Each structure stands twice: as structure tokens, then as C-alpha cells.
Amino acid sequence: MKRISIGLLGLGNIGAGTYKVLEQNRTHIEATTGLDLRITRILELDQERDRGFTVPPGVFTEDPSAIFDDPDIDIVVELIGGIEPATSFMASAMKGGKSVVSANKAAIAENYELLTETAASSGVGFRFEASVGGGIPLIGAITEHLCANEYTEMHGILNGTTNYILTKMSEQGLPYDDVLKEAQELGFAEADPTGDVKGEDVANKLSILMSLVFGKRVRPEDIPTRGITRITPEDFREAAENGCVIKLLASAFRAPDGTCECFVQPSWLNKTHPLAEVRNEYNALLIRGNAVDDLVFYGKGAGPFPTASAVLGDVIAIARRL
């Protein structure tokens with residue numbers, strides 16, 4: 001059985017979820033892939049926190065070079081979040097001959113060219129399925145199984161926090177501030193939800209999708225973006241009177257001449273629209289290809305275990321090619 005050594009950057013919620021899923025499903029993964037995946041080093045400052053499992057002695061490190069310079073490590077999984085030092089860490093790993101898997105939409109959206117070009121010039125793999133849509137297998141399907149299509153448009157609900165808030169406001173008639181507080185208490189929203197509720201998180205994801213789907217590089221800050229903070233119960237009542245619901249929608253269109261239009265904003269959707277029934281923390285993407293027509297991908301767009309599913313899928317895809 002082929003052994004693959006993994007260096008994990010970050011053991012926060014997603015990192016801990018990845019560690020747990022790998023151990024929980026180890027027998028199944030080994031039986032179906034013939035791979036022995038082992039997390040042999042973990043870069044983490046908070047090494048004493050109770051995460052519900054015990055990390056073997058000698059696995060933790062506070063020194064990134066202990067992972068980048070270790071010749072036995074095959075794949076580096078970056079789950080620390082943020083733009084820096086995450087981008088520099090990923091580039092260093094690639095230059096050292098290690099393939100990289102990441103769930104970091106902010107770093108990838110901001111430094112897409114740098115990371116993809118560094119991976120190509122270093123001859124290593126770079127996969128980031130978990131950066132868009134959590135556990136939903138969007139990127140692999142779009143870029144591999146559906147790559148014969150020319151895509152013309154896509155529309156997505158790509159943030160679980162805002163979709164949860166909008167769902168509760170719509171169904172319970174509650175004001176924004178009350179629902180946000182509830183979402184924070186339930187763990188669906190961060191203590192500082194700014195990036196989610198202002199649409200910045202969705203803009204990062206749409207930027208990545210546009211690079212992959214349309215081959216069009218649009219930086220997140222160049223995507224017209226409006227969040228959900230000004231939506232009122234009256235807005236939902238008006239939408240309902242017209243047979244519609246309100247969703248924070250990421251949309252992009254590609255014209256026949258190759259020009260693209262994109263935006264992130266609260267939008268009315270007719271109740272018969274395929275995305276209208278996407279509720280609570282769930283995400284979905286509708287994409288139109290000239291061969292397959294309309295396809296809808298749906299599932300949990302966030303959370304430690306759904307995200308870990310996508311992360312480990314990328315790890316296995318790379319490991320099979322090593």
C-alpha cells in the first residue's frame with residue numbers, strides 16, 4: 001500500500017475536521033484507494049486545545065520549514081485561512097516540490113495567478129475544491145467531467161451564513177439584527193460576520209469560479225458587490241407579493257464575443273427558480289453549458305466535515321498521481 005505523508009497547516013475547525021474524517025474513514029479510504037494517508041506534521045501554535053482527539057508526540061510544530069524542508073512530506077494542506085502568510089506558505093511548499101491542497105478562498109482569489117503559475121512551474125499539483133461551495137464537488141466537475149462545455153452563465157448561493165439569515169428573515173418575519181444574533185449563537189455566523197454579510201466572501205468565490213469557468217480573471221475587489229445588511233422584513237413581504245424570494249446571488253454571464261459581466265447582490269428569484277428553495281446554511285450553483293444546458297449543484301457549503309470531505313478528495317486525487 002502506497003504511503004502518502006501530509007503536512008497540515010492549521011488545526012482550527014476545518015483542520016480538526018479534516019484530521020477527524022481521515023481517521024474516522026481510514027479503513028474505507030485505504031480499501032477504496034489503496035493509499036495510506038498519514039498526517040505526519042502539523043503547523044499549529046495552539047497545541048493544547050481540546051479538539052476531541054490526541055495528536056501523537058512529535059507531530060506538532062511551530063516552524064513552517066519543518067514541513068517545507070521535510071523530504072518525506074508529499075502533500076501540504078493549507079487550512080490556516082487569510083491571505084498572508086497562507087499565500088507565501090503555499091508558494092514555498094510548491095517551490096519545494098510539494099503538491100498543495102487548500103480551502104482558502106481569500107488567498108486563492110487574491111493571488112490566483114501567482115499560485116497556479118508557481119504550481120505549474122514547480123511541476124506540482126494544486127487543488128482547491130473546498131474553497132468554493134464547501135463539500136459540494138463543483139470545481140472538479142466543472143473543470144474535468146464537464147470541460148468539453150463552453151459555459152455561458154452561472155448563478156450561485158455561495159455563503160451559508162447569509163443564506164441562513166435570509167431564510168429566517170423570510171420565513172419568520174424577523175429583522176436582520178435579531179437573526180444575525182441568533183446565527184452567531186448557533187455558530188452559523190462568526191463573531192465578526194463582516195466578510196459574509198457584506199458579500200466579500202461570495203465575491204472571492206465568484207472570482208475563483210470566473211477564472212475556472214470563463215477563463216476570465218476578475219479580482220474580488222473589481223466585482224460589483226452588495227451585501228444583505230440593509231434588507232428589511234418589508235423587502236421580503238414585497239418579494240412574496242410578487243411570487244419571489246430574496247437570495248444573495250453571485251451571477252456571471254459570458255457573451256458570444258467573450259466579454260463577461262458579474263455581480264454579487266441580493267436578488268429576487270421567482271419561487272419556481274431552481275435556487276429558490278435553497279434554505280438555511282445550504283449552498284447551490286446553477287451553471288449553463290452549451291452541451292449539458294442547465295446543471296444544479298447543491299449541498300452544505302460550509303462546516304468542518306463537508307469541507308474536510310472536499311479537502312480529502314483533493315488529497316486523494318493528487319496522491320493517486322504520485
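Visitor: Leaving aside neighbours within four places in sequence, which residues is Ser 207 in contact with?
Guide: This is a predicted model. In it, Ser 207 is in contact with Ala 109, Arg 217, Val 218, Arg 219, Pro 220 and Ile 223, once neighbours within four places in sequence are set aside.

Visitor: Where does Ser 207 lie?
Guide: In helix H11.

Visitor: Buried or exposed?
Guide: Ser 207 counts as buried, because its relative accessibility is 0%. The cut-off for buried is under 20%.

Visitor: What packs against the buried residues of H7?
Guide: H11 is one of the partners. The others are strand E7 (151–157), strand E10 (282–289) and strand E11 (293–300).

Visitor: And which residues of H7 are buried?
Guide: Helix H7 covers residues 138–145. Its buried residues are Leu 138, Ile 139, Gly 140, Ala 141 and Ile 142.

Visitor: Helix pairs next. At what angle do H8 and H9 pack?
Guide: About 130 degrees, with the axes 9 Å apart. H8 spans residues 160–172, and H9 spans residues 176–186.

Visitor: Is the crossing left-handed or right-handed?
Guide: H8 passes H9 in a right-handed crossing.

Visitor: Which residues make that contact?
Guide: From H8, Tyr 164, Ile 165, Lys 168 and Met 169. From H9, Tyr 176, Val 179, Leu 180, Glu 182, Ala 183 and Leu 186.

Visitor: What about H4 and H6, how do their axes cross?
Guide: At roughly 10 degrees, and the axes come within 9 Å. H4 is residues 86–95, and H6 is residues 112–122. The two helices are therefore roughly parallel to each other.

Visitor: Which residues meet there?
Guide: Thr 87, Met 90, Ala 91, Met 94 and Lys 95 in H4 meet Leu 114, Leu 115, Thr 118, Ala 119 and Ser 122 in H6. By class, that contact has 6 nonpolar, 3 polar and 1 charged.

Visitor: Now the backbone. Which residues does a cis peptide bond join?
Guide: Glu 84 and Pro 85, with omega about 10 degrees. Pro 85 sits in the loop between strand E4 (75–78) and H4. Most peptide bonds are trans.

Visitor: What is phi at Asn 280?
Guide: Near 55 degrees. That is a positive value in a residue other than glycine. Most such residues have a negative phi. Asn 280 lies in the loop between strand E9 (260–270) and E10. At 14% relative accessibility, Asn 280 counts as buried.

Visitor: And phi at Asp 293?
Guide: Positive again, about 65 degrees, and Asp 293 is not a glycine either. Asp 293 is placed in strand E11. Asp 293 is partly exposed, with a relative accessible area of 47%.

Visitor: How many disulfides does the count come to?
Guide: The count comes to 0.

Visitor: Switching to Gln 265. Which strand is it in, and what does it touch?
Guide: Gln 265 is in strand E9. Gln 265 touches Arg 226, Lys 247, Leu 248 and Leu 249, not counting residues up to four places away in sequence. Its relative accessible area is 29%, so Gln 265 is partly exposed.

Visitor: How far apart are Gln 265 and Asp 72?
Guide: They are 193 residues apart in sequence and 46 Å apart in space, C-alpha to C-alpha.

Visitor: Last one. Where is Leu 312, and what does it touch?
Guide: Leu 312 is in helix H13 (residues 304–321). Leu 312 touches Thr 18, Val 21 and Leu 22, not counting residues up to four places away in sequence. At 6% relative accessibility, Leu 312 counts as buried.

How values were computed: Residues numbered from 1 in each chain as written. Predicted model: local features only at pLDDT ≥ 70, side-chain atom pairs only at ≥ 80, totals over all residues. Heavy atoms only, no water. Axes fitted to C-alpha atoms, helices over the stretch in contact; angles between N-to-C directions. Helix = DSSP H or I, 4+ residues; strand = E, 2+ residues; numbered from the N terminus. Left-handed = near helix turned anticlockwise from the far one by under 90°. Contact = heavy atoms within 4.5 Å. Disulfide = S-S within 2.5 Å. Buried < 20%, exposed > 50% of the residue type's maximum accessible area, 1.4 Å probe, protein only. Parallel < 35°, antiparallel > 145°, perpendicular 65-115°, else oblique. Nonpolar A, V, L, I, M, F, W, Y, C, P; charged D, E, K, R; others polar.
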